[in-house]
Amino acid sequence: MFNEYYAQSIGSRSQAARTYLERTYDSYPDSTEDDLINHALLALKEAAPDHDINSRNVTVAIVGIGQAYTQYDDELVQPYIDRLQAAEESAAPAADAAAN
């Protein structure tokens, strides 16, 4: 059996992640690997019970044609999580200013 996906989520609470992936998948063909990792983290964050992700509860794996399997966990995934959190923190004041 063979299925082709741009993105997929499985497991408990996967519906929230799948909804995020369905909303954003049109941008994937033009995305960099870093962009795709960011999308994966955002999808996981949507599915997390308290919307909290950290290097203890997240592992990102890269699988691609002509590319070796690569896994980022613990300290290897932390820079991606830090970048996501920094982007969210910088967006929060802008959203607050727009609301006022």
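Which pattern does the chain follow, read along the sequence? The order is α-α-β-β-α, built from 3 helices and 2 strands. Helices (H or I, at least four residues) and strands (E, at least two) are DSSP runs, numbered from the N terminus. The model is predicted: local features need pLDDT of at least 70, side-chain atom pairs count only at pLDDT 80 or more, and totals for chains, interfaces and linings use all residues. Residues are numbered from 1 along each chain as its sequence is written, and side-chain values use heavy atoms, with hydrogens and water left out.

Of the 100 residues of the chain, 26% count as buried. Buried means under 20% relative accessible area, exposed over 50%, and partly exposed in between (1.4 Å probe, protein chains only). Contact is defined as heavy atoms within 4.5 Å. Among contacts in the chain with a separation of 6 or more, 35% join residues 24 or more positions apart.

The largest nonpolar core has 12 residues. A nonpolar core is a set of buried Ala, Val, Leu, Ile, Met, Phe, Trp, Tyr and Cys residues joined through side-chain atoms within 4.5 Å. The members are I37, L41, A48, I53, V58, V60, I62, Y72, V77, Y80, I81 and L84. At least two residues come from each of α2 (33-47), β1 (59-64) and α3 (78-99). The largest share, 3 residues, is that of α3. A second, separate core has 6 residues, including A17, Y20, L21 and Y28.

V60 is in contact with I37, L41, T70, Q71, Y72 and V77, leaving aside neighbours within four places in sequence. Y72 belongs to strand β2 (residues 67-73). Its relative accessibility is 17%, so Y72 counts as buried. Not counting residues up to four places away in sequence, Y72 touches E33, I37, V58, T59, V60, I62, V77 and Y80. Y72 and T59 are 13 residues apart along the chain, and their C-alpha atoms are separated by 5.7 Å.

Helix α1 spans residues 14-24, and its buried residues are S14, A17, Y20, L21 and T24. These residues lie on the same side of α1 because they cover an arc of only 125° around the axis. The arc is that of the directions from the helix axis to the C-beta atoms. The buried residues of α1 pack against α2.

The two helices pack at an angle of about 140°, with the axes of α1 and α2 7 Å apart. Axes are lines fitted to C-alpha atoms, for helices over the stretch in contact, and angles run from 0 to 180 degrees between N-to-C directions. The crossing of α1 and α2 is right-handed (near helix turned clockwise from the far one by less than a right angle; left-handed if anticlockwise). A16, A17, Y20, L21 and T24 in α1 meet H39, L42, A43, E46 and A47 in α2.

H39 is found in helix α2 and counts as buried because its relative accessibility is 14%. Leaving aside neighbours within four places in sequence, H39 is in contact with Y20, T24, S27, Y28 and S31. A47 also lies in helix α2. With a relative accessible area of 13%, A47 is buried. R13, A16 and A17 are in contact with A47, neighbours within four places in sequence being left aside. A47 and A16 are 31 residues apart in sequence, yet 5.1 Å apart in space, C-alpha to C-alpha.
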